[in-house]
Amino acid sequence: MCGIVGYIGPRDTQEVLLDGLEKLEYRGYDSAGIAILADHHISVEKHRGELANLRNALAKHPLKGHIGIGHTRWATHGQPSDQNAHPHLGPEGKIAVVHNGIIENYQYLKDTYLQGHTFKSQTDTEVVAHLIEMFYDGDLFAAVQRTLAVVTGSYALVVMCVDDPDELIVTRKNSPLVIGLGEGENFIASDVPAMLAYTRRCIYLESGELARVYRDKVVVTDLAGNVQKNIVDEIEWDAQSAEKGGYPHFMIKEIYEQIATFQQVLSGRIHADHVELENIDLSKEEVERWDKIYIVACGTAYHAGLVGKTILEKTLRIPVFVEVASEFRYRDPMIDENTLVIVISQSGETADTLEGAREAKAAGAKVLAITNVVGSSIARESDMVVYLWAGPEISVASTKAYTSMLIALYLIGFYFGDLAGRVDLRKEQETLRALEKLPEQAAEILEQDRIQQIVDIAKEYVDVEDLFYIGRGMDWAVVQEGALKLKEISYIHAEAYAAGELKHGTLALISNKTPVISVALQEKTFDKTMSNTEEMLSRMMDENGDISGARVLVVVKEGHKPISDKIHHVIEIPDCPDFISPVLAAIPLQLIAYFTALERGCNIDKPRNLAKSVTVE
Ligand code: M6R
């Protein structure tokens, strides 16, 4: 996720900005830059890659001044490059802007307001710099207001103007921004670690607010310019916990971030009754020609593919095969120009998946990548890309990327299904509306009382050696990811089974030492999954029908009570169509893994033997 800094005051602005950007490095970035205003001129230095590249360039040509802005970029629109790095300038270099978020209607803004403008980058942000400069007539605040009135999307913005050397204007909508208060100086950052060395007093700007930041005062207003009361907070975190936003681990931070990432992956892609996807340019005939789809991925991304199989078979009505990437390429799969191959990879660098993509292309298939990292190898080598826009995932255990992969698969399914004219339009409408509700439903699952229930359940798993997950259909796909999450961070042996398959052998392993987690979110198999859960319960009972030891937990939708009163725990997720329930079901399973690992004292963000990006075959 991009990092923003800003400074106005007597210090060496370049050093304050670079220091702040360094403190935001943990957020992940692919390029960095700063702009400093002095003598009616804005100077910009920006470079692709490590912050060291920027530092080295500035060491040769330092920028002097007492007002400036800086940015670490995590690419969304446009490859990582010097040109696409922020800050961006207006056409005459009067306005400089840094931005975190996504301007959804940037193409519309270009076509409507900025015809004839020449852009130096491929970013959505440069459009904002051009708009502000176009609207500027001596009143910077008014120009920003006019710009915000036509922009849709999410943003944290800092704006600097050559004619206004004593003021920075900041605003935010659904992207974080903090103003740090000093004595005769003020600081701006997307996150508090960037300012902890200078101040602990700050104003957390609310979504939809603007602030005029001067050396000696900060004036917060609403969009209409009405002055708001400044609410000053004291930062109590140390530098390390500040990086994690006050959470003890990146994993739990990233689990909570899903409220925002659900929004981000949908951002600008749902239009009233249909889906639009950038970077995809296919004709109806091409899509109609596909006679099968392969999904190729590893680990968590493979589990997203298992859900994707149901999604794409329903929306495209052609067979979908899901393959573990390390197996796929050695299997001589039946691929030709009538095959679509979808490769899924958070990092975009997983060697097995990359080789799978290459194999598929060589065989003549179209390759569509779903990835989180713009400019990654898989993104570059594929024919089409759908980005997750989930921001960097730091914890080794993938959480927010997984759920964004699922949402991307729904969008892809409806997009291609529509093109081929195979989608049930009423179902599409219902699903699109339900997808839009996901962010608020994620927030419901993450409410404190629901979390406490999971914390208590996790305490029961501390000394467990084996744990079983069961489900049917999409729920089976969901529990496979749930089991992987538990294994990789808590080191408990967990197995995920198709609920109806247990009786063919694995039931022999069930005893009062093996807790069971049963996911039953599909109406058409609910009763069957419950019966299978009962089969397991009865293997856990003693001769008096009592169960001592292992516990049974079921995950259901609100109001869908399990039949047996022997079930120990029921976790409810908010009501949603069965078809999209995997997205919400993922969250409690992630939380169970997290709190169990926490109870067991494991190294959650860096589990033993594992790496975040697996670049060896
Ligand atoms: O970056 P990728 O999505 O290609 O990574 C694939 C797997 O290595 C990854 O999902 C792994 O299984 C995670 N550690 C699971 O949490």
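Visitor: What makes the meeting of the Lys309 and Glu313 side chains a salt bridge?

Guide: Good place to start! This is a predicted model, and in it the N to O distance between the side chains of Lys309 and Glu313 is 3.0 Å. A salt bridge needs a side-chain nitrogen of Lys or Arg within 4 Å of a carboxyl oxygen of Asp or Glu, so the pair Lys309 and Glu313 counts as one.

Visitor: Where do Lys309 and Glu313 lie?

Guide: Both belong to helix α10, residues 299-316. They are four residues apart, about one turn of the helix.

Visitor: Why is Lys309 called partly exposed?

Guide: Lys309 has a relative accessible area of 29%. Buried means under 20% and exposed means over 50%, so Lys309 falls in between and is partly exposed. Glu313, with 24%, is partly exposed because its value also lies between those limits.

Visitor: How do you know that Arg329 and Glu355 meet in a salt bridge?

Guide: Their side chains come to 3.8 Å, N to O. The limit is 4 Å, so this pair qualifies. The two residues sit in distant parts of the chain, 26 residues apart: Arg329 is in the loop between α11 (325-328) and β19 (339-345), and Glu355 is in helix α12 (residues 351-362).

Visitor: Are Arg329 and Glu355 buried or exposed?

Guide: Both of them are buried, which means a relative accessible area under 20%. Arg329 and Glu355 also belong to a network with Arg358 and Glu381, joined by salt bridges that share partners.

Visitor: What makes Arg450 and Glu444 a salt bridge?

Guide: Here the N to O distance is 3.8 Å, and that is within the 4 Å limit, so the pair counts. Glu444 is partly exposed, at 26% relative accessible area.

Visitor: How many salt bridges does the count come to by this rule?

Guide: The count comes to 26.

Visitor: Which residues of α4 and α5 meet?

Guide: From α4 come Val128, Leu131, Ile132 and Phe135, and these meet Leu140, Ala143, Val144, Arg146, Thr147 and Val150 of α5. Sorted by class, the contact has eight nonpolar residues, one polar and one charged. Arg146 is the charged one, because Arg counts as charged.

Notes: Residues are numbered from 1 along each chain as its sequence is written. This is a predicted model: local features need pLDDT of at least 70, side-chain atom pairs count only at pLDDT 80 or more; totals for chains, interfaces and linings use all residues. Side-chain values use heavy atoms; hydrogens and water are left out. Contact means heavy atoms within 4.5 Å. Buried means under 20% relative accessible area, exposed over 50%, partly exposed in between (1.4 Å probe, protein chains only).
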